Amino acid sequence: QGFIIPDKMVDEGRLGRQFGVGWYRYPGDKGAVIDPLVEDLISEEARFAGIAQREVHVDEIRDALFNAIEDEKFRFFEEKSLKSPESFSRIFDALIK
């Protein structure tokens with residue numbers, strides 16, 4: 001399925017801060033401003049894909065990221081890339097400090 005929204009944004013010339021518009025607008029020297037056109041694009045693509053939009057709580061995002069990290073930890077261990085799952089935790093902990 002690819003990256004539908006980022007691809008459309010590039011096609012529309014929304015290339016980021018250097019170009020004045022990307023995920024956000026950058027009017028003058030004021031910094032990032034939420035762009036309602038991007039919100040409309042996301043809503044439109046979700047509707048076309050039959051995806052119901054909903055609010056996502058920060059706890060749900062945190063849990064999803066934590067679970068993905070845990071899955072990767074055991075995948076590395078199973079592939080013998082790590083001596084133990086705990087070694088992944090030590091590496092990860094060092095990276096986020």
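Contact here means heavy atoms within 4.5 Å. The model is predicted: local features need pLDDT of at least 70, side-chain atom pairs count only at pLDDT 80 or more, and totals for chains, interfaces and linings use all residues. Residues are numbered from 1 along each chain as its sequence is written, and side-chain values use heavy atoms, with hydrogens and water left out.

**Exercise 1. Describe the secondary structure and exposure of the chain.**

Step 1. Helices (H or I, at least four residues) and strands (E, at least two) are DSSP runs, numbered from the N terminus. The chain holds four helices and two strands.

Step 2. Their order along the sequence is α-β-β-α-α-α.

Step 3. A residue is buried under 20% relative accessible area, exposed over 50%, and partly exposed in between (1.4 Å probe, protein chains only). Of the 97 residues in the chain, 19% are buried.

Step 4. Accessible areas come from the Shrake-Rupley method with a 1.4 Å probe; for residues, only the protein chains shown count as cover. The chain exposes about 8100 Å², and 57% of that is supplied by carbon and sulfur atoms.

Step 5. Take the contacts between residues at least 6 apart in sequence: 16% of them join residues at least 24 apart.

**Exercise 2. Work out the salt bridges of Arg62 with Asp59 and Asp63.**

Step 1. By the rule for salt bridges, the count comes to six.

Step 2. Arg62 and Asp59 meet through their side chains at 2.9 Å, N to O. Why are Arg62 and Asp59 separated by about one helical turn? Because they are three residues apart in helix H3 (residues 58-78).

Step 3. Arg62 also forms a salt bridge with Asp63, where the closest N and O atoms are 3.2 Å apart.

Step 4. Compare the accessibilities: Arg62 is partly exposed at 47%, Asp59 is partly exposed at 34%, and Asp63 is partly exposed at 38%. Elsewhere, salt bridges that share partners join Glu12, Arg14 and Asp35 into one network.

**Exercise 3. Locate Pro36 and give its C-alpha separation from Trp23.**

Step 1. Pro36 lies in helix H2.

Step 2. The relative accessibility of Pro36 is 43%, so Pro36 counts as partly exposed.

Step 3. Pro36 and Trp23 are 13 residues apart along the chain, and 9.8 Å separates their C-alpha atoms.

Terms used:
Salt bridge = Lys/Arg side-chain N within 4 Å of Asp/Glu carboxyl O.
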